[in-house]
Amino acid sequence: MSNLLHDLVAFLTGETADYTALGAARYVVILAFYALVVCSVLLLAINLRQERAQRSGALLWLWIVRVLVGCMWFQALLGTLPFGTGNSLYAWTQQAGGRAAFPRVGQFINDTLLTHFTVFDPVVFLVEFVLAAALILGLFVRLAGLCTFLAGALLFLGVYGQRPGDPAVWPWGFVFLALLGGSLAVSGAGRALGADAWIRRNVASVRDRRAAGWPLRLLT
């Protein structure tokens with residue numbers, strides 16, 4: 001039976017099954033995760049020191065939510081490793097091919113994603129790593145939140161159906177994932193003690209819409 005504390009410690013120390021399957025390479029992944037978390041905490045401290053308006057309980061809560069969602073995406077990317085057909089991403093992609101909400105979606109999964117899985121796998125890894133890093137750091141969270149919304153919607157469509165013997169999945173979970181990503185985008189959660197807040201305060205081209213770099217305001 002799973003134990004919450006044991007599972008948390010296993011994830012933080014690289015002792016989960018996804019980690020151990022990587023061998024010594026797991027320590028590189030763990031160091032990347034800790035580097036992101038440390039940078040996120042440093043950004044929190046810098047924002048608190050530089051801007052009084054950042055000293056808000058609501059913004060701290062939004063920071064916690066954003067970082068934890070980023071950690072969830074980091075944990076999810078472990079399922080894409082090691083690259084190849086032996087990881088959990090391949091197993092779930094196979095599942096999605098037979099239980100997609102619409103036949104055309106299932107056909108696309110079977111004919112395209114599974115056929116070209118050697119390309120699809122590293123692409124998913126890269127996307128999930130970028131999403132995790134963006135959310136943990138609070139960098140370009142409007143774009144990252146939108147991507148999270150789309151990912152949740154695609155996951156919902158991919159595993160909506162359930163055949164006899166299929167692993168049970170609660171489709172509403174992916175709906176809530178999409179809604180959470182959309183909420184982070186709409187609220188500009190990177191402005192809550194994140195890199196986006198620092199950029200908006202310190203980069204002149206972002207502060208001034210009339211400057212050449214004003215489109216960055218759409219991302220931050």
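User: What should I know before I start reading?

Analyst: Residues are numbered from 1 along each chain as its sequence is written, and side-chain values use heavy atoms, with hydrogens and water left out. As this is a predicted model, local features need pLDDT of at least 70 and side-chain atom pairs count only at pLDDT 80 or more, while totals for chains, interfaces and linings use all residues.

User: How many residues does α4 have, and what span does it reach?

Analyst: A word on names: helices (H or I, at least four residues) and strands (E, at least two) are DSSP runs, numbered from the N terminus. The expected span of a helix is 1.5 Å times one less than its number of residues. Here α4 has 21 residues and reaches 31 Å from its first C-alpha to its last, close to the expected 30 Å.

User: Which residues of α4 are buried?

Analyst: Buried means under 20% relative accessible area, exposed means over 50%, and partly exposed is in between (1.4 Å probe, protein chains only). In α4 the buried residues are Trp63, Val65, Arg66, Val67, Val69, Gly70, Cys71, Trp73, Phe74 and Leu77. Their cover includes α1, α2, α3, α7, α8 and α9.

User: How do I read the packing of α4 and α7?

Analyst: Two packed helices are described by the angle between their axes and the distance between the axes. Axes are lines fitted to C-alpha atoms, for helices over the stretch in contact, and angles run from 0 to 180 degrees between N-to-C directions. Helix α4 (residues 57-77) and helix α7 (residues 117-137) pack at about 160°, with axes 7 Å apart. Angles under 35 degrees count as roughly parallel, over 145 as roughly antiparallel, 65 to 115 as roughly perpendicular and the rest as oblique. So α4 and α7 are roughly antiparallel to each other.

User: What is the handedness of the crossing of α4 and α7?

Analyst: A crossing is left-handed if the near helix is turned anticlockwise from the far one by less than a right angle, and right-handed if clockwise. In this case α4 passes α7 in a left-handed crossing.

User: Which residues of α4 and α7 meet?

Analyst: Contact means heavy atoms within 4.5 Å. Among the residues that meet are Trp73 and Phe74 in α4, and Phe125 and Phe129 in α7. This contact divides into 14 nonpolar residues, one polar and two charged. For those classes, Ala, Val, Leu, Ile, Met, Phe, Trp, Tyr, Cys and Pro count as nonpolar, Asp, Glu, Lys and Arg as charged, and the others, Gly among them, as polar.

User: At what angle do α5 and α7 cross?

Analyst: The axes of helix α5 (residues 88-99) and α7 cross at roughly 115° and come within 11 Å. That makes α5 roughly perpendicular to α7. The crossing is right-handed. Leu89, Tyr90 and Thr93 of α5 make the contact with Phe117, Phe120, Asp121 and Val124 of α7.

User: Is Thr93 buried or exposed?

Analyst: Thr93 counts as buried, at 6% relative accessibility. Leaving aside neighbours within four places in sequence, Thr93 is in contact with Ile109, Leu113, Leu114, Phe117 and Phe120.

User: How do α8 and α9 cross?

Analyst: Their axes come within 7 Å and cross at roughly 165°. That makes α8 roughly antiparallel to α9, and the crossing is left-handed. By class, this contact has 15 nonpolar, five polar and one charged residues.

User: Where should I look in the backbone?

Analyst: Most residues other than glycine have a negative phi, and most peptide bonds are trans. The peptide bond from Leu81 to Pro82 is cis, with omega near -15°, and Pro82 is found in the loop between α4 and α5. Phe140, in the loop between α7 and α8, has a positive phi near 50° and is partly exposed at 29%. Leu193, in the loop between α9 and α10, has a positive phi near 65° and is buried at 1%.

User: What does Leu43 touch?

Analyst: Leu43 sits in helix α3 and is buried, with a relative accessible area of 16%. Not counting residues up to four places away in sequence, Leu43 touches Leu137, Leu193 and Ala195.
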